[in-house]
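Here are my notes on the model, point by point. Have the structure open while you read.

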Amino acid sequence: MRKRSDVARMLEERVLLLDGAYGTEFMKRGYEEVPELLNLKAPNVVYEVHRSYVESGADVILTNTFGATPMKLKKHGLDVDLERIVRSAVQMARKAADDRLVFGDLGPTGELPYPLGTATFDDYYENFKETARIMVEEGVDGIILETFSDLLELKAAVLAVRDVSKDVFLVAQMTFDEKGRSLTGTDPLTFAVTFEDLDVDALGINCSLGPDEMVPIFQELSQHTEKFLVVEPNAGRPIVVDGKTVYPLTPEMFSVHIDTFYESGVNVFGGCCGTTPEHIRLFRKVMGERRPLKRKRRKLFAVTSPSKIVRFDHFVVIGERINPSGRKKLWEKMLEKDEKVIVEEGKQQVERGAEVLDVNFGIESMVDTGYVKRVVQSLPYVVGVPLSLDVQDLRLAEEALRVYPGRPLFNSSKVEEKELEQKVGLLKRYGGVLVVLLMGKDVPKTFEERKEYLERALNILKTLGFEDRVIFDPGVLPLGADGRPLEVLKTVRHISEKGFLTTLGLSNLSFGLPNRTYLNSAFLVLALNEGLSSAIANPLDEILMNTLRSALVLLGRGELPRVEVKGDEIVEVIVSGNEEKLKKIVEDLLKEKDPLSVVEEVLRPAMERVGKMYDEGKIFLPQLILAAQTVKPIFDRLSDLLPKSETGEAFVIATVKGDVHDIGKNIVASVIRSNGYRVVDLGKDVDTSVIVETVEKEKPIALGLSAMMTTTVVRIREVVDELRRRNLTVPVIVGGASLNEKLAEELGADFYAKNASEAVRILKELKGGK
Amino acid sequence: MSKVELDPREIEIPKNVLKARLGFGRVREIPPAFEKYVREAYEELLEVATPVVLWEDFEAKSEGGKISFDGLELSGKLVEAHLLGSKLVTVFLATLGEGVDEKIEEHFARGEDLMGFFLDGIASEMVEYALRRVDATLRIQRPHLLGGFKVSPGYVDLPLELNERIVKMFEGQVDVRVVQGSYVLVPRKTITAFLGWRERDAKEI
Ligand code: B12
């Protein structure tokens, strides 16, 4: 067995090649039975196929054990032979491999997790542990978990392998459909974020899709993980020819895609269904000797369930209602091990805007551990959203974290060295994000005390290497018990300013008081203003939720998800490219307004909203272009409606180098022209030297520069510097979406104009001053 | 020196690469309203594109962090990572021809920005994949050599000026020019690249 670190070192040096499919190769040789059985019945055939891949140039050979786990073999009555099958498989691969790597191959059980099926975390775990143990005893160089279509099953397999050996190289792979989802709803981002926490060496994707379809899914994965990356596409999607399943991609067609995977950061490349030794031979040639490209992980803070990822880039409501304190009925149901009631509580909250559900089991010593595990495993599948595991007892917490399908919140740890260390230990093992409560043995009352706790917590977390996986809760105490809300607010601000996320157990504040809703709502608004990033609250409280929504808008912090936005007719018309309809709208407007007002009051604000939609990813570049193409003739027409007289002094205008936005500049040019100036329009994307030379030649009353992007406004400074260098004192007026008064001044411009009319006013002043 | 003229219909551009290139990277499918424009643009491109790929091999020597071949001496980060130590360097030039630029210009001149943008994007990928096709064929034909990562002038620290040299190398073979000062290639849908080859270890053959 090669050491984990040795395999990692090989991967840092070179992109390695895996082998191809086995099933089809066995069939070609006339063996139609369960492939794992061949390890006993015809080990020479297994050896032969391995050899054909070694000779084709594969660097890594997978053992013939995809289905060699107790649950899977049982279906063929072969479970009694598990041990012999796996040992023979590893030995054959080793014998064929020479000095190539041998990875033990493990596929999924084919059983869905409870409640979609009946399998529990423990079923999966025991199943994989058994095979992994034999593989490690036989000395594999790594273990690859392939073709998993469920997050929980894969997590169980990972933990099982790691419990067998800390020193075996481990690859975890999922399979996705063409929409980029696994069977139980996981997308590559959720996969990456969830498994980034776990102790695996490489993540990957295989099966289901051909290389072309797999590219975007692979790229999504590669952007969000620092682990090594493996990919094994199928040789296209299977088609049926003469009643036989055939994979259509020839080695040549397949290998065209290698560069794309390489450029996306692949470390191990191979083939899945339908690939043959011929494919691998060609891959070897095309891949050649390449050092893997370096990648950078996009950092994002999120929690996950199998089918949902919740990022903390907006305010997150954590539903508090699955908590039996003060709710006798719920408590009784929990004691009766009733799961339905929990699902109902969960669904209601999600419908009202909770994105994460806090789950608290009350007096934990009284509830059944099996029940807790079933709820924690099944709730995310049924309700869809991630959980915040609000569990105090360390042993129960471990059980819950272990069986949780995804990356949960873990609520919470106090700032005590031992407790933090233990809880961080659990999360490092099982994945998740920790809520750190800023209190220790005693409960702080003041900001200063909380601040001290924060410092202590950060110190401990730093030594544990865990600062980027925490959310801080300043700890809210009931008003009735000397709660001092202002101290909490100060703490929220302080934590936010330090760049950390925050949460609050909101309802604690009003505990035991009348009019709780109003107190909670008011406090939430105040905390939002201090930068609060999430709250554990009651989403069924309508006043609270509506207050929250309004406050977020007022604070410019974006909306909660699920809020419907009202239709914006003119923007819809523009974005869908309906020029006829836009013409009609503008014609109607012209009955009431002059052309310039239509531009400034209607069209330009509409285009600003279009820009914002683009910025927020609501529309895509082609839609932005179509929108521009649609409004441009309208703007041109409106310009034409302005009176023309071009006899006066010259005005030079241009859009700066690197910037192709010219709609606004054209409007400004037309308006200035209609005010009697002779406008020299140099167009868009204009070289600084051309601008300066024109100024020198035309001696204009002023120079107008348009720059629309943060990346192009700096060109203004370049033009100004060049003008000054040549002793040209012409006043410079600038405008455009990314500019403002202050920035314009910093860039050395003399004037900033928000729109065309302002530009005209400035020109008049200049003339008057002369 | 070798030259292949490809039928543009034979150049397969992966669907998803195209999708991303045309600005639909974050959606699963190109929305139907845009699909017809894309198809139209593709058809037009097939009419006007005349893909040609040229290449030539040079024996190369590496010394003191520099690689030299054909009187050229290259160094820097990109060279160090992907070319240094190669015993052979292949220089590539691929172009789609003048007709494509004209067609793109035509659209922009008529205010059909979206068609212009789509045509431009598809053409950029087509010339890339034309080159990749030849690159892959070469790798297949040279079992005793291992090809590295293709690198192009203008990336990282490989100077764009090299375009001038490459164009000169293939002078008379194809109608490609370099704009003075900016080293932009005309026709615009033209790309250049270097590929280094290493001897394969005996055991790998
Ligand atoms: C239409 C548009 C485009 C069109 C431009 C078509 C064309 N022929 O102009 C296309 C699709 C080509 C485009 C491309 C891009 N765009 Co654009 N685009 C816009 C959009 C939606 C509207 C601009 C517009 O025409 N408004 C209508 C006119 C009438 O208003 P205006 O331009 O603001 O002009 C008025 C005033 O600013 C002022 N003014 C303007 N210039 C001058 C000059 C002088 C002298 C004076 C006195 C006054 C003045 O008076 C004008 C009349 O009132 C803006 C969004 C926005 N908020 O502006 C984004 C926006 C400018 N684009 C943006 C981006 C990022 C891009 C791209 C990089 C996208 C991409 N991924 O490729 C490319 C860049 C291409 C390039 N190299 O320049 C960003 C810039 C972000 C930033 N801070 O850097 C914006 C802000 C959108 C956003 N929020 O993300 N875009």
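1. Arg162(A) and Asp199(A) make one through their side chains, at 3.2 Å, N to O. Arg162(A) sits in helix α8 (residues 151–164) of chain A and Asp199(A) in the loop between α9 (188–196) and β6 (202–206) of chain A, so the pair ties together parts that are 37 residues apart in sequence. Helices (H or I, at least four residues) and strands (E, at least two) are DSSP runs, numbered from the N terminus. Searching the whole structure gives 91 salt bridges over all chains.

2. A word on what you're looking at: this is a predicted model, where local features need pLDDT of at least 70, side-chain atom pairs count only at pLDDT 80 or more, and totals for chains, interfaces and linings use all residues. Residues are numbered from 1 along each chain as its sequence is written, chains are lettered from A and ligands numbered from 1 in the order in which they are written, and side-chain values use heavy atoms, with hydrogens and water left out.

3. On confidence, the model scores ipTM 0.76 and pTM 0.63. Chain B has a mean pLDDT (the predictor's confidence in each residue, from 0 to 100) of 90, and 97% of its residues reach 70 or more.

4. Now the interface. Chain A brings 31 residues to the contact and chain B 37 residues, with contact meaning heavy atoms within 4.5 Å. About 3,200 Å² is buried between the two chains, 60% of it from carbon and sulfur atoms; buried area is the accessible area (1.4 Å probe) that two parts lose on being put together, summed over both. Lys285(A), Phe620(A) and Pro622(A) supply 19% of what chain A buries against chain B, more than any other three residues.

5. What about charge across the interface? Three salt bridges are counted between chain A and chain B. Asp259(A) and Arg132(B) also meet in a salt bridge, at 3.8 Å, N to O. On chain A, α10 (211–223), α12 (258–263), α13 (277–287) and α26 (621–640) each supply at least two residues of the side that touches chain B. The largest share, six residues, comes from α26(A).

6. The ligand's cobalt atom has a single protein donor, NE2 of His661(A), 2.3 Å away. Donors are N, O and S atoms within 2.8 Å of the metal (3.2 Å for Na, K and Ca), and water is not among the atoms, so sites may look incomplete. His661(A) lies in the loop between β21 (650–655) and α27 (663–674) of chain A.

Technical notes
Salt bridge = Lys/Arg side-chain N within 4 Å of Asp/Glu carboxyl O.
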